Every structure is written in structure tokens, then in C-alpha cells.
Amino acid sequence: GVHDMSFRALALVRTMSSDHVLNEIQNAGLQGRGGAGFPAHVKWRAVAAAQDPVRYVVCNADEGEPGTFKDREVMARQPDKLLEGLAIAAHIVGAREIYIYIRGEFQAERRLLERTIAAAGAHLSDFEFHLHEGHGAYICGEETALLESLEGKRGMPRLKPPFPTESGFRGKPTLIHNVETLACVPAIVLRGGAWFKQLGRGEPGTKLYCISGHVGRPGVYEMPLGVTLDELVIVAGGYVGTPKAFSPGGASSGFLPMSERSRPLSYKALSDAGTMLGSAGVVVLNDTV
């Protein structure tokens, strides 16, 4: 799965000012792809500006949401993209240690990440990578519960504030991102924020949509952020039977009737409908269910 191991974006970042990179992330309009859709640059700036010199970067690779299987695909097919995104983030926010909290079932992906880190050699030698396996607790996909688990404690959510950017792992400023968010970073660095932004429709960038249920070809499809259910299903081989309802964002988002089929599958449009895009685990149900 590992193709281009040159880490060109990381090399470029080392020649740029932090401000320039932060501005490109902002211009890109990159939103957290783990479910919340929070602007990435705001988190980066908060950690970069922290008083404490010790900072951490944490990757949420737990992917426990039913109907979601995109992060696993990124790690299985382009692990170098994830690692490069992590290294760029760590470089910009001033972190040396990087933690990847990976779902325990993802054994092949874990081994591939380890091999890729070893093969990258000097490219990633500024950073210390730690891989930590989850033990099947759904709640540990929530970022503060994930931190508790990383610290060896029971994985229960913390009260916020303080937010992790201020007091995260071991009480230090911590940048936490989902796999997909981080994997977007190298291309943004190489091609610029404006390029990434125009890939979307109404909201910036592309999105990895997981689609399962009653469709011809279930799978992960990269589409402009803001496509409709019908557009996504066309790519995924069409409806099987007569569609009845769909979940736009995994089990947490509930189900919408087919009267919402033309609503953009974007963070804001789904929030306006009282549901959420979440991690974009789209499940289609037909009238046999």
C-alpha cells in the first residue's frame, strides 16, 4: 500500500514559517473529519501558542462508530499519508511525541503503520511514535475518554473546559485529530488551502463517505463534501429495492426519511436537520427492513 515515501510535504513544511502553514490550514477550511467538524486551524493555533513547552499530538484511530470504516481504509492503503500529516502537525505545534490510539481489531493496520514508520527512517526521526491499542470500549472514541484510556485510567469522558488543547494528555496541551483529518494535511501543504477548499460543495474539501446497507456496491467513496444521498448512491451502484430511510452518520445520527434524500451530506446542512454528518457512516435501509 505504501507508494510515495518521499514525504515531500513534510520536507516543504520544514522550509516554511509556522504562520504560513497555519494560514494554509485555515484557508483550506479543514474541519475535523472525526465527527465534530470543528475548524482544525483553531486547535493547531491553540496548541502552538501554549505556554507549556511540552505538547503532544494524538491520533484518534479508534473508529468504533457502527457503519464507519474509512479510517481503516486510509491506514491500510495510505499509511504514509497519515504519518506525514501527524509529523507536519507535530512540527507546527511543537510536539515531539505522537500517540496513535488504534482500534484493537485493526491488527494488520497496526503492523503496517509500524513497518511504515521503520521504512520512513530519517524522514520521521524528529518524532517519537507510540501506538496504543484500544480494548473495544466505544466511549474511548470520544477524545477526552481516549486520553483517560491512554493514561491508563478508566475511559470516561472528562468535563470540558479545560479543552485538550489547553490540558490534554498528562495535563499538557494536546492536539487530537481523526485519521482522515490528518491524512488531508499533506495535500493541503503541497497544493495550497484554496485548492482544497474548492474541492467541496458548500463546505470545504472532499470527504470519505462510508456507505453500506441496501446499495449495489457498499464501500468507501471520496466525494465532494456536500453531495446528496442520491449522488453518493449512484457511485455506490444504485439502490437495492425501494429505499425507505437512511442514516447519514453512523448509529449516533439516527435515521432520516427519504424525503431528506436531496439534503447535502455536510456538517451544517445535517446539523440544521437536527442530525449530524458525524463520521459519515451512511447506512441505507429499504422497505424490507
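**Figure 1. An open sheet of 5 strands runs in the order β6-β5-β9-β7-β8, with mixed pairing.** The edges are β6 (219-224) and β8 (256-257), each with a single partner strand, so one side of each lacks a neighbour in the sheet. Strands count as paired if DSSP finds at least two bridges between them. Helices (H or I, at least four residues) and strands (E, at least two) are DSSP runs, numbered from the N terminus. This is a predicted model, in which local features need pLDDT of at least 70 and side-chain atom pairs count only at pLDDT 80 or more, while totals for chains, interfaces and linings use all residues. Residues are numbered from 1 along each chain as its sequence is written, and side-chain values use heavy atoms, with hydrogens and water left out.

**Figure 2. Strand β5 (residues 206-213) and its partners.** β5 pairs with β6 in the antiparallel sense over 6 bridges. Y209 stands opposite Y221 in β6. Strand β9 (residues 281-286) runs parallel to β5, and 4 bridges join them. Here C210 has G281 of β9 as its bridge partner. β5 is mostly covered, with 7 of its 8 residues buried. Buried means under 20% relative accessible area, exposed means over 50%, and partly exposed lies in between (1.4 Å probe, protein chains only).

**Figure 3. Helix α4 (residues 70-77) lies across β5 and β6.** α4 runs at about 115 degrees to β5. Axes are lines fitted to C-alpha atoms, for helices over the stretch in contact, and angles run from 0 to 180 degrees between N-to-C directions. Contact means heavy atoms within 4.5 Å.

**Figure 4. Helix α4 meets helix α8 (residues 179-191), their axes coming within 9 Å.** The two axes cross at roughly 45 degrees. α4 and α8 are therefore oblique to each other. On this scale, angles under 35 degrees are roughly parallel, those over 145 roughly antiparallel, those from 65 to 115 roughly perpendicular, and the rest oblique. On the α4 side, the contact is made by K70, D71, V74 and M75. On the α8 side, V179, E180 and A183 take part. These residues divide into 4 nonpolar, no polar and 3 charged. Ala, Val, Leu, Ile, Met, Phe, Trp, Tyr, Cys and Pro count as nonpolar, Asp, Glu, Lys and Arg as charged, and the others, Gly among them, as polar.

**Figure 5. A salt bridge joins E180 to K70.** A salt bridge is a side-chain nitrogen of Lys or Arg within 4 Å of a carboxyl oxygen of Asp or Glu. By this rule the count comes to 23 salt bridges. The closest N and O atoms of E180 and K70 are 3.0 Å apart. E180 lies in helix α8 and K70 in helix α4, so the pair ties together parts that are 110 residues apart in sequence. Both E180 and K70 are buried. A network of salt bridges links R33, K70, D71, E180 and K207.

**Figure 6. R96 and E128 form a salt bridge, with their closest N and O atoms 3.2 Å apart.** R96 sits in the loop between α5 (79-93) and β2 (97-102). E128 belongs to strand β3 (residues 128-133). The pair links distant parts of the chain, 32 residues apart. R96 is partly exposed, at 44% relative accessibility. E128 is also partly exposed, at 35%.

**Figure 7. Helix α7 (residues 143-150) and the residues that follow.** All 8 of the 8 residues of α7 are buried, so the helix is largely enclosed by the rest of the structure. The cover over these buried residues includes α3, β1 (56-61), β2, β3 and β4 (174-178). Just after α7, G152 takes a positive phi of about 85 degrees. K153 and E151 meet through their side chains in a salt bridge (2.4 Å, N to O). K153 counts as partly exposed, at 41% relative accessibility. E151 is partly exposed, with a relative accessible area of 24%.

**Figure 8. Q31 lies in the loop between α2 (18-28) and α3 (40-48).** Q31 is buried, with a relative accessible area of 12%. Leaving aside residues up to four places away in sequence, Q31 touches G37, F38, P39, A40, T181, E203, P204, L225 and Y267.
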